[in-house]
Amino acid sequence: MEALLEKKYKDILAQVRHPNQRSWILFGGASAYGDMALLCSLAQAFVKTHGHAITIVLSPDQVPLVQMYPHRFLAAHTAERHVMLDMVHHYVDPLAFDLDMPICTHSFDIGDGRSDSLMYLYKYPGRGGLNLTDLYRYFLRLPWDARIERPIVPAEWNAEAAQIAQQIGMPKGKSAILFPSNNSEHPQFPDIFWETVAARLTRRGLKVFTNMKSGKFQPKTMPIAGTTPIDVPRHLAIPLVDYAGRTVCSTNGMQFSIMLGARFRQMTVVMPIAKNFTVHMQNGRPYDQTGFMAQYMYPELVCDVPFEEFSVPHDGTDQELIDVAIAIADDAFDHPNCVKRLGDSGRLYIEEQGAWLRELIEPPPAIQ
């Protein structure tokens, strides 16, 4: 088995090394769509810092992310998740950083425990630690002010999205797409929660759609009652949400990539938090509940975009879930379950620290 793996590694290395040009060979997260989106967004800063071009190795369903960053990569090669993990775990030194040799850039696949220890500081509210975006700057050996680049959606994808939207009767700017599914094992909300969100949005005059595509973990009933089912391909997630105008999402990689694109009139993210929350467990360690929310994990992406996030008691009573669902649909952002990260001054963290946070990412595009 070891000899087979070694042969496979050498074969892959021969394929990904450019015959005429030296390059950095970056292995992204094999199944982590959001992490791959973040890696692509830092490609420009990486080349600016280290010189030479990038050869990227990714899974087939992540290809649209590379296509939204034209001219940032010398080459892109696809490999299945198990192949990439075999290579990373058996042959890639997590501390190596050399041209023409594979470098694992995924914070959890990297395998030496650094990311877990650094992010564990989020157990202590107010102490900080390295958030997700800074963790990638660290692994990629970038300066702390390395700037995130937003994706560019090809014109033909915008046209394709508009055509699909018109075919299914999606009113432009007056629709909402729900993304309730997830590939992470977050607890699912009872049907009453999503049904109330959908009914309330409909009552406000929006046509509501449920994304049926992707996500191993889903609500019990799909599509959400009272909504129109839609399959949102990964390459059309940004332009379809742009066309619809509004989205309510579980926290996942698709949500992160849509947020990176920042073409929406309102994004509301729902985080399942137990009613009597004590700690969030990951890799056998307890974390504070806020540690995995956008305002804490990637705060620069929150600047100047219409974004809010709610903690939702997945184990709450029907009435408690209905109450939060109504607040989400009605944009009641003063609701106690709407999470607001505060800075040391008591002001919103994004407002207090906005001057330097905005320097870490391109401004959001103008919404048409």
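Predicted model: local features only at pLDDT ≥ 70, side-chain atom pairs only at ≥ 80, totals over all residues.

Trainee: Is His106 buried or exposed?
Mentor: A residue counts as buried under 20% relative accessible area. His106 has a relative accessible area of 7%, so the residue is buried.

Trainee: Leaving aside neighbours within four places in sequence, which residues is His106 in contact with?
Mentor: Good follow-up for a loop residue. With those neighbours left aside, the contacts of His106 are Phe27, Gly28, Gly29, Ala32, Asp35 and Tyr136.

Trainee: At roughly what angle do the axes of α9 and α13 cross?
Mentor: Two packed helices are described by the angle between their axes and the distance between the axes. Here α9 spans residues 191–203 and α13 spans residues 318–329, with axes that come within 8 Å. The crossing is right-handed. The angle is roughly 35°.

Trainee: How many nonpolar residues does the contact of α9 with α13 have?
Mentor: Residues making the contact include Phe193 and Val197 of α9, and Leu321 and Ile322 of α13. By class, there are 1 polar and 2 charged residues. The nonpolar count is 10.

Trainee: How many disulfides does a search of the whole structure find?
Mentor: A disulfide is a covalent bond between the sulfur atoms of two cysteines. Cys303 is buried at 3% relative accessibility, and Cys338 is buried at 5%. For disulfides, the search of the whole structure gives 0.

Key:
Residues numbered from 1 in each chain as written. Heavy atoms only, no water. Disulfide = S-S within 2.5 Å. Buried < 20%, exposed > 50% of the residue type's maximum accessible area, 1.4 Å probe, protein only. Helix = DSSP H or I, 4+ residues; strand = E, 2+ residues; numbered from the N terminus. Contact = heavy atoms within 4.5 Å. Axes fitted to C-alpha atoms, helices over the stretch in contact; angles between N-to-C directions. Left-handed = near helix turned anticlockwise from the far one by under 90°. Nonpolar A, V, L, I, M, F, W, Y, C, P; charged D, E, K, R; others polar.
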